[in-house]
Amino acid sequence: MEESLHLYETLMRLPLFSGLGSEEISQIIAQTKFQFLRLDAGKFLCHQDEKCTLLVVLIHGAMNVVTHSDDHGCIVTESLLAPSLVAPSSLFGLHQRYLHSYQCVETCRFVLLNKDEVFRMFDRYFIFKINWLNLLSTQVQKKELQLWHTPPANLRQRILRFFLIHTEKPAGKKTFRIKMTRLAEEVNDSRLNVSIQLNAME
């Protein structure tokens, strides 16, 4: 009973379920085959490039979202706090694999839904389908708009833009692991100038 109540409160706070009434949320909890998962600190929910087959909701805890470049020359770590959806855009489309690795920084609890259950939600709840489309459309629009921003006018702006386009969300703590020479190549400047600029920004 307590778990159902906590799940009810969590779903009500997620944009994916926005607009659904309390009775509809209660129906979803009663009629949907939810799976529950608990992972301790340090455990990985999934790794980058693994196949994505489930809709995952982080309902309690905090995670690190770790993304690496193809050659592992740049690794970015961001924070993800409950309640949050985990990689909803990876469940469908051409590339149905996780774009990031997700590691627990404390004990985390999750609710899992397989694709069949997600399709049933699409059929039964029109608002859920619209919310999903809005979520994915917003992600695509943000990425496309980044391509048309005014070009950076100086080295500082080029560095900031590099950081911005390589993160999922602008807010929150970010950790970049990248060699100075690699960052200099990315922003088309010398290692010395990048070092000076980073010290000034610090």
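Select Arg120 and Glu117: they form a salt bridge, with the closest N and O atoms 2.5 Å apart. A salt bridge here is a side-chain nitrogen of Lys or Arg within 4 Å of a carboxyl oxygen of Asp or Glu. Both residues sit in helix α3 (residues 115-124), three residues apart, about one turn of the helix. Helices (H or I, at least four residues) and strands (E, at least two) are DSSP runs, numbered from the N terminus.

Glu117 is buried, at 4% relative accessibility, while Arg120 is partly exposed, at 35%. Buried means under 20% relative accessible area, exposed over 50%, and partly exposed in between (1.4 Å probe, protein chains only).

A word on the model: it is predicted, so local features need pLDDT of at least 70 and side-chain atom pairs count only at pLDDT 80 or more, while totals for chains, interfaces and linings use all residues. Residues are numbered from 1 along each chain as its sequence is written, and side-chain values use heavy atoms, leaving out hydrogens and water.

Next, select Arg182 and Asp71, a salt bridge with its closest N and O atoms 3.0 Å apart. This pair links distant parts of the chain, 111 residues apart: Arg182 is in helix α6 (residues 180-186), and Asp71 is in the loop between β4 (62-68) and β5 (74-81). Asp71 is exposed, with a relative accessible area of 51%.
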